[in-house]
Amino acid sequence: MFNDGLAVRKAAWRADRSRIALGALAKAVITDAKRTAERAWLAAVSVDALQSSLRDLDAAYRGFFDAVSGKRRGGGRVGLPVFKSRKESRQSIRFSRNGFRIRGNGKLNLAKIGDVRVRWSRKLPADPSSVTIVLDPAGRYHASFVVDVAPDVLPELDAEVGIDLGLTTYAVLSDGTVIDNPRFLRKAEKRLKAAQRELSRKAKGSKNRAKARIKVARAHAKVADTRKDWLHKQTTRIIRENQAIYLEDLNVRGLGRGLLAKSVHDAAWSTFRRMLEEKAARYGRHIGIVHRTFPSSQLCSACGHRDGPKPLAVRTWTCGACAVPHDRDLNAARNILAAGRADRLNAPGGPVRPGVAIPHRARPVERGTHRNAADAGRKPRADGAAGVPAL
Ligand SMILES: [Zn+2]
């Protein structure tokens, strides 16, 4: 449906630079298409789900046009929608309120599919407005519900924390907490590598190769699930214990590591940050992002002296001005806390508290503050609806 809609829109744009409205597009690729022999099978699929797919396409186009015209909030580049591949894309189908029903016996009724057995991971906090069924590479189907939830503001605390993305550890907190990469994750990754080796030994096109591929996909899914579960535990604890959480912006760190290791690490880091932002919005906490040019590893957190760049191998150093010894990551976390706090206390351009010198460009960028809490609580991500468990 997405590809059919995209083809029609591309053709119209090529022909006379026109943009087809959603209604006209639906008539062309759903109503009219059903009458052709080629697309007669569309009658067997829920119209509601077909329309959802076209709405996604429309949203993708809107995102592109907004970005081109500079209307997009937060800027950033957005490309034109591209055709989806049956092999590479995430296979999913979405039903709006009219397309599904939850039965009294716990089964999920989907339009034109029927009653489906569900293993519920948790109770839905309210009536869902839509459900997306996703097929993962391990061959498992997941149901992800979008639910409206009012923010559940936790009692206010005095504690605030800065977090440094660790190089040898996962992360270091300004209060001295070290979050280590868990051992079970490393074990799971070892199993994954073994499964991959086995797959590479199987003959192409053979039945054994197909079996080995599913094994690899299952091992991948296990690693992803385990990591996600672990991240939920970490982020929940941080949100529960702190009123404000300050993080460094991504990307500049991790030079000197392999390209693959870096991408895996960064992906885990952005999930960590997204979870913190979602939970902060929901539970009334503050997240401050310190700009990536902030020299968190060069400043002395005790006296504010800028001691100069430190090679990655340098794990501990002593301040040249005040002679205080520092653990590299803990010092960086303390600097991130100070920079984030300074920005929160002082209006942009206003006076900065004495003690920590913060270059102008190092002002934190704010995301997910109290102001947005109500909004964020009402608009859960479509694909992350199940992402924020209760504390
Ligand atoms: Zn110092």
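This report walks through the main features of a predicted protein model.

## Getting started

Local features in this predicted model need pLDDT of at least 70 and side-chain atom pairs count only at pLDDT 80 or more, while totals for chains, interfaces and linings use all residues. Residues are numbered from 1 along each chain as its sequence is written, and side-chain values use heavy atoms, with hydrogens and water left out.

The protein has eight helices and 14 strands. Here helices (H or I, at least four residues) and strands (E, at least two) are DSSP runs, numbered from the N terminus. Of the 391 residues, 39% count as buried, where buried means under 20% relative accessible area, exposed over 50%, and partly exposed in between (1.4 Å probe, protein chains only). Among contacts with a separation of 6 or more, 63% link residues 24 or more positions apart; contact means heavy atoms within 4.5 Å.

## An enclosed strand

Let us look at strand β10, residues 244–248. Five of its five residues are buried, so β10 is largely enclosed by the rest of the structure. Both faces are covered, with A244, Y246 and E248 buried on one side and I245 and L247 buried on the other.

Which strands does β10 pair with? Strand β7 (residues 160–165) runs parallel to β10 and is joined to it by four bridges, with V161 of β7 having I245 as its bridge partner in β10. Strand β11 (residues 286–290) also pairs with β10 in the parallel sense, over five bridges, and there Y246 has G288 as its partner in β11. Two strands pair if DSSP finds at least two bridges between them.

Six bridges hold the antiparallel pairing of β1 with β5 (residues 128–135). R94, for instance, has T132 in β5 as its bridge partner. Strands of a sheet pair through backbone hydrogen bonds, either parallel or antiparallel.

## Two helices side by side

Helix α4 (residues 183–201) and helix α5 (residues 207–241) pack at an angle of about 165°, and their axes are 9 Å apart. Axes are lines fitted to C-alpha atoms, for helices over the stretch in contact, and angles run from 0 to 180 degrees between N-to-C directions. The angle makes α4 roughly antiparallel to α5 (angles over 145 degrees count this way).

The contact involves residues including F184, L185 and L192 of α4 and V216, V223 and W230 of α5. By class, it has 11 nonpolar, three polar and eight charged residues. Ala, Val, Leu, Ile, Met, Phe, Trp, Tyr, Cys and Pro count as nonpolar, Asp, Glu, Lys and Arg as charged, and the others, Gly among them, as polar.

## Two loop residues with positive phi

Most residues other than glycine have a negative phi. R17, which is not a glycine, has a positive phi of about 60°. R17 lies in the loop between α1 (2–16) and α2 (22–32) and is exposed, at 57% relative accessibility.

K112 also has a positive phi, near 65°, in a residue other than glycine. K112 sits in the loop between β3 (108–110) and β4 (114–116), and its relative accessible area of 57% makes it exposed.

Terms used:
Angles under 35 degrees count as roughly parallel, over 145 as roughly antiparallel, 65 to 115 as roughly perpendicular and the rest as oblique.
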